[in-house]
Structures are given as C-alpha cells and as structure tokens.
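Visitor: I would like a quick tour of this structure. Please show it first, then I will ask.

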Amino acid sequence: MGRGRQKAKATRQARDIKYYSPATDLSALQRELGSTRGHAGASTKHVEEPPEADYAEYRSKYADDDEDDQRRIG
C-alpha cells in the first residue's frame, strides 16, 4: 500500500473515531452515580497513615564506605 493510500486510510479512521458517538444509557449512568453518592462520606473521611519505619539502623549497617561509587538515579 502506497503512502498516499495509507495516509488517507489513517485520516478516515481518525475522523471516524473523532465523530463516533455511541448511544448513552442515561438510566444506567444515573443508577451508577446514585449508588456512589451514598459512599461519598466514607471516602472523604481522613485516614491516619501509620508512622514511617525507622531505617537508620539498616542505613549504617549496609552503607558503602566509598561514597564516590554511589550512582544517582534521575
């Protein structure tokens, strides 16, 4: 398939996807939104996170003596 035919096919497919609008079942959407409304109060409640573990003991135990060889990520 030549580049012109390939580009035309891609353009046609993109246009089909862009303007495709499936039928929306509004009653199903209303049921779904109605069922989550009752749980909204539970999800907004603040949950206290457990304290972070202290790894100082392991840092000193497994630390490299030569800091020049440490790699930096990022």
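Visitor: What percentage of the residues count as buried?
Guide: Buried means under 20% relative accessible area. The chain has 74 residues. The share of them that counts as buried is 0%.

Visitor: Which pattern does the chain follow along the sequence?
Guide: The secondary structure has zero strands. It comes to four helices. Read in order, the pattern is α-α-α-α.

Visitor: In which helix is confidence lowest?
Guide: The mean pLDDT of the chain is 78. Residues reaching 70 or more make up 70% of the chain. Confidence is highest in helix α1 (residues 3-18), at 93. The lowest mean, 53, belongs to residues 40-44, helix α3.

Visitor: Why does that matter for reading the model?
Guide: Confidence in helix α3 has a mean of 53. Where pLDDT is low, the predicted coordinates should not be read in detail.

Visitor: Which residues make the nonpolar surface patch of about 290 Å²?
Guide: One member, Leu33, is found in helix α2, which covers residues 26-37. Members of a patch need over 30% relative accessible area. The patch is made by Leu26, Leu29 and Leu33.

Visitor: Is Tyr58 buried, exposed or partly exposed?
Guide: Exposed requires over 50% relative accessible area, and buried under 20%. Tyr55 has 43% and is partly exposed. Tyr58 has 43% relative accessibility, so Tyr58 counts as partly exposed.

Key
Residues are numbered from 1 along each chain as its sequence is written. This is a predicted model: local features need pLDDT of at least 70, side-chain atom pairs count only at pLDDT 80 or more; totals for chains, interfaces and linings use all residues. Side-chain values use heavy atoms; hydrogens and water are left out. Patches are made of residues with over 30% relative accessible area and no salt bridge: like charges are joined within 9 Å, nonpolar side chains (Val, Leu, Ile, Met, Phe, Trp, Tyr) within 5 Å. Accessible areas come from the Shrake-Rupley method with a 1.4 Å probe; for residues, only the protein chains shown count as cover. A salt bridge is a side-chain nitrogen of Lys or Arg within 4 Å of a carboxyl oxygen of Asp or Glu. Helices (H or I, at least four residues) and strands (E, at least two) are DSSP runs, numbered from the N terminus. Buried means under 20% relative accessible area, exposed over 50%, partly exposed in between (1.4 Å probe, protein chains only). pLDDT is the predictor's confidence in each residue, from 0 to 100.
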